[in-house]
Amino acid sequence: MKITPLDIRQKRFETALRGFSRREVEAYLELLAGEFEEVVKENIALKEELKRAQLRIEQYQERERTLQETMVTAQKISEDLKDAAKKEAEIIIADAEHQAEKIVHGAHQKLVQVVEDINELKRQRTQFESQVRSVVDAHRKLLETFSTPSFADRDYARIEDNVSFLSQKKATNGE
């Protein structure tokens, strides 16, 4: 039978005529129950810590097995990759030489196209400059047309004098 701290706290003794002091026995049982409770808690904590440690050990052992298997597999793959890489390198070199010839030929064709494009752009620039000159000349002529005095400009002072004269006359007649 396992004794718990609660069993110790609830234990009651028969009273006898010349027995122990009840208060001392109960105080001692309470002290014993508290100490026993601490021991039980520590025991439970240690068991849980042991379980966690065993689980970590199992995990580490599994990782070690996995790493060993991985290393063997990696070594085999490494050797296979070296062989495949040598074969692939030979193919790549041959293909690169072929591609280089195509690139040089394409670059030459692009050079010819760029020279043609530059000549076309020069032609378009000349045409654009000519059009801009035409627009500027047209605007200059329009500005010259607007700069000549108009009827409103010539007669503005005379109209202004008439308005002020009429305003004075109206003011004197109105008084």
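Figure 1. Lys 41 is partly exposed, with a relative accessible area of 48% (buried means under 20%, exposed over 50%, partly exposed in between; 1.4 Å probe, protein chains only). The structure is a predicted model in which local features need pLDDT of at least 70 and side-chain atom pairs pLDDT 80 or more, whereas totals for chains, interfaces and linings use all residues. Residues are numbered from 1 along each chain as its sequence is written, and side-chain values use heavy atoms, with hydrogens and water left out. The side chain of Lys 41 meets that of Glu 37 in a salt bridge, at 3.9 Å from N to O (a side-chain nitrogen of Lys or Arg within 4 Å of a carboxyl oxygen of Asp or Glu). Both residues belong to helix α2, four residues apart, about one turn of the helix (helices, H or I, at least four residues, are DSSP runs numbered from the N terminus). Glu 37 is likewise classed as partly exposed, because its relative accessibility is 27%. The structure holds five salt bridges, including this one.

**Figure 2. The salt bridge between Glu 62 and Arg 65.** The N to O distance between these two side chains is 2.5 Å. Glu 62 and Arg 65 lie three residues apart in helix α2, about one turn of the helix. Glu 62 counts as partly exposed because its relative accessibility is 41%; Arg 65, at 42%, also counts as partly exposed.

**Figure 3. The salt bridge between Arg 123 and Glu 120.** The closest N and O atoms of this pair are 2.5 Å apart. Because Arg 123 and Glu 120 are three residues apart in helix α2, about one helical turn separates them. Arg 123 has a relative accessibility of 44% and so counts as partly exposed. Glu 120 is also partly exposed, with a value of 32%.

**Figure 4. A nonpolar surface patch that includes Tyr 28.** Tyr 28, Leu 31 and Leu 32 make a nonpolar patch of about 320 Å² (residues with over 30% relative accessible area and no salt bridge, nonpolar side chains being joined within 5 Å and like charges within 9 Å; areas by the Shrake-Rupley method with a 1.4 Å probe). Tyr 28 is found in helix α2, which spans residues 22-147. With a relative accessibility of 54%, Tyr 28 counts as exposed.

**Figure 5. The largest pocket.** This pocket has a volume of about 260 Å³ (on a 1 Å grid, an open set of points for a 1.4 Å probe with protein on both sides within 12 Å along at least five of seven lines; lining residues have an atom within 4 Å of a point; the volume is the space filled by probe spheres set on the points). Of its 13 lining residues, Phe 13, Glu 14, Thr 15, Phe 20 and Arg 22 are the closest to the centre. By class, the lining comprises six nonpolar, two polar and five charged residues (Asp, Glu, Lys and Arg count as charged; Ala, Val, Leu, Ile, Met, Phe, Trp, Tyr, Cys and Pro as nonpolar; the others as polar).

**Figure 6. The second largest pocket.** The volume here is about 160 Å³. The lining is formed by Lys 2, Val 40, Asn 43, Ile 44 and Lys 47. These residues divide into two nonpolar, one polar and two charged.

**Figure 7. Ala 84 and His 108.** Ala 84 lies in helix α2 and is partly exposed, with a relative accessible area of 40%. From Ala 84 to His 108 the separation is 24 residues in sequence and 36 Å in space, C-alpha to C-alpha.

Technical notes: Helix = DSSP H or I, 4+ residues; strand = E, 2+ residues; numbered from the N terminus.
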